[in-house]
Amino acid sequence: MKKTRCRACESKLTPVFDLGRPHLANDFRRAGEGKAAAYPLKVLLCPKCHLAQLSVMVDPAILYSKYAYRSSESATMKAHFDTLYRDLKAYTPIKRVLEIGSNTGALLKRFTELGAGLVMGLDPAQNMVAIAQANFIRTIAGFFSKKWAEFYVGNIIPPDLILARHVFCHVDDWQDFIAGLELLATPETVVAIEVPYCNDMLSTGAFDTIYHEHLSYMTITAMDELLTNTGFELIALKFYPVLGSSILMLLKLKGATVEGPVELQLELETAIDYALEWRLFGERVAGTMQDLKNLVKTERGKGKIICGYGASAKSSVWINACGFDRDDIAFITDTTPEKQGTFSPGTLIPIVTPDRLKDADLAILFAWNYEKEIIAQEKEFRAQGGKFIIPVPALRVV
């Protein structure tokens with residue numbers, strides 16, 4: 001479905017960035033299953049609220065019915081869950097929690113360990129719901145919407161915390177999503193929406209967060225504009241380094257106290273020339289991609305074996321954008337069972353188990369957002385002379 005209007009304020013959009021027609025970033029397929037699907041990946045900018053969004057929306061049923069992404073259970077993510085719990089405790093008792101887009105239930109499990117009361121998850125991926133249920137996390141399969149909320153409003157105790165972590169920017173109809181939240185919320189309910197922050201993506205050149213599942217690239221102005229004619233208001237903001245860079249936006253029904261940083265952040269965004277920032281971003285990304293291609297070509301010319309570390313969606317973005325194939329990257333290591341034995345979308349680069357890392361001389365750290373933890377963890381690889389190529393925020397070899 002083509003998009004020409006801003007989903008936050010309905011303004012007409014203008015193109016600012018284009019990655020061509022790459023393959024779906026999480027469409028990992030096995031031999032004989034055909035090639036991963038490909039769609040246009042162009043970013044459009046709203047001149048009014050600065051929201052950036054994709055020009056084309058892929059049917060959610062294609063993207064999420066069987067999903068390859070699993071919530072990370074790394075030490076980094078566990079620490080983030082602990083920080084989230086502590087920060088949210090200042091706004092809500094966390095006794096009744098609904099998580100939208102709960103995946104395997106990793107966050108809900110951790111929140112329960114930290115003292116949360118009744119928890120429930122909602123996720124459209126049947127395979128992830130099955131994992132959550134096997135771990136005794138009450139989880140329902142489905143997409144969140146006003147219709148879903150209408151059905152469940154009389155069947156669940158109103159939550160005091162509704163979490164939507166890295167799911168809101170996957171949603172097309174924000175008005176419907178907010179309307180569903182309004183049905184479930186009481187004056188005490190806190191809605192916590194965590195998303196990548198567009199400003200940080202632009203400043204670091206982290207273009208690998210741009211793929212078909214991420215329909216929008218959030219600004220605070222866009223959220224403020226979206227909430228204008230709703231019952232909610234933005235009351236607080238929290239910034240975290242997790243997943244590259246994330247922002248947590250806290251919403252409550254109107255009448256609650258609004259913290260100062262919200263107004264300050266809105267003022268800061270009004271001073272930014274987003275059209276210019278996106279142009280500079282595009283130039284930086286083009287340079288970084290060329291630098292990585294040159295490095296890979298040089299090292300392969302020396303006979304070095306290069307692999308990828310982490311078959312994340314980020315890896316798919318880099319590989320498609322740079323045009324890498326198996327001659328460039330021999331394999332990608334990953335811990336996710338669903339991905340092992342498949343190929344990086346649109347290529348014949350195999351996804352293998354982590355023990356294969358020893359077979360490479362260099363590893364492109366596609367999971368660069370976990371750099372510190374991974375570098376510390378892979379001491380044996382480094383001891384044998386292995387090096388990591390880290391592409392963001394600046395290409396370097398460690």
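This is a predicted model: local features need pLDDT of at least 70, side-chain atom pairs count only at pLDDT 80 or more; totals for chains, interfaces and linings use all residues.
Helix 2 (residues 75-88) and helix 3 (residues 106-114) approach each other with their axes within 10 Å, at a crossing angle of roughly 60 degrees. Angles of 65 to 115 degrees count as roughly perpendicular and those under 35 degrees as roughly parallel, so helix 2 is classed as oblique to helix 3. The crossing of the two helices is right-handed. Helix 2 contributes Lys78, Phe81, Asp82, Leu84, Tyr85 and Leu88 to the contact, and helix 3 contributes Ala106, Leu107, Arg110, Phe111 and Leu114. Of the residues in this contact, eight are nonpolar and three charged, with no polar residue present.

Within helix 3, the buried residues are Ala106, Leu107, Leu108, Arg110 and Phe111. Besides helix 2, the buried residues of helix 3 pack against strand 4 (96-100), strand 5 (118-123) and strand 7 (161-165). Gly115 follows helix 3 and has a positive phi, near 125 degrees.

The largest nonpolar core comprises 85 residues, and Phe111, Ile210 and Trp278 touch the most other members. Helix 10 (residues 274-301) supplies the largest share of this core, with eight residues. When neighbours within four places in sequence are set aside, the contacts of Ile210 are Phe17, Leu19, Leu41, Val43, Leu54, Met201, Tyr217, Trp278, Phe281 and Val317. Another core, of 48 residues, lies apart from the largest one and includes Leu44, Cys169, Ala222 and Ile247. In soluble globular proteins, nonpolar side chains tend to be buried together.

Terms used
Residues are numbered from 1 along each chain as its sequence is written. Side-chain values use heavy atoms; hydrogens and water are left out. Axes are lines fitted to C-alpha atoms, for helices over the stretch in contact, and angles run from 0 to 180 degrees between N-to-C directions. Helices (H or I, at least four residues) and strands (E, at least two) are DSSP runs, numbered from the N terminus. Angles under 35 degrees count as roughly parallel, over 145 as roughly antiparallel, 65 to 115 as roughly perpendicular and the rest as oblique. A crossing is left-handed if the near helix is turned anticlockwise from the far one by less than a right angle, and right-handed if clockwise. Contact means heavy atoms within 4.5 Å. Ala, Val, Leu, Ile, Met, Phe, Trp, Tyr, Cys and Pro count as nonpolar, Asp, Glu, Lys and Arg as charged, and the others, Gly among them, as polar. A nonpolar core is a set of buried Ala, Val, Leu, Ile, Met, Phe, Trp, Tyr and Cys residues joined through side-chain atoms within 4.5 Å. Buried means under 20% relative accessible area, exposed over 50%, partly exposed in between (1.4 Å probe, protein chains only).
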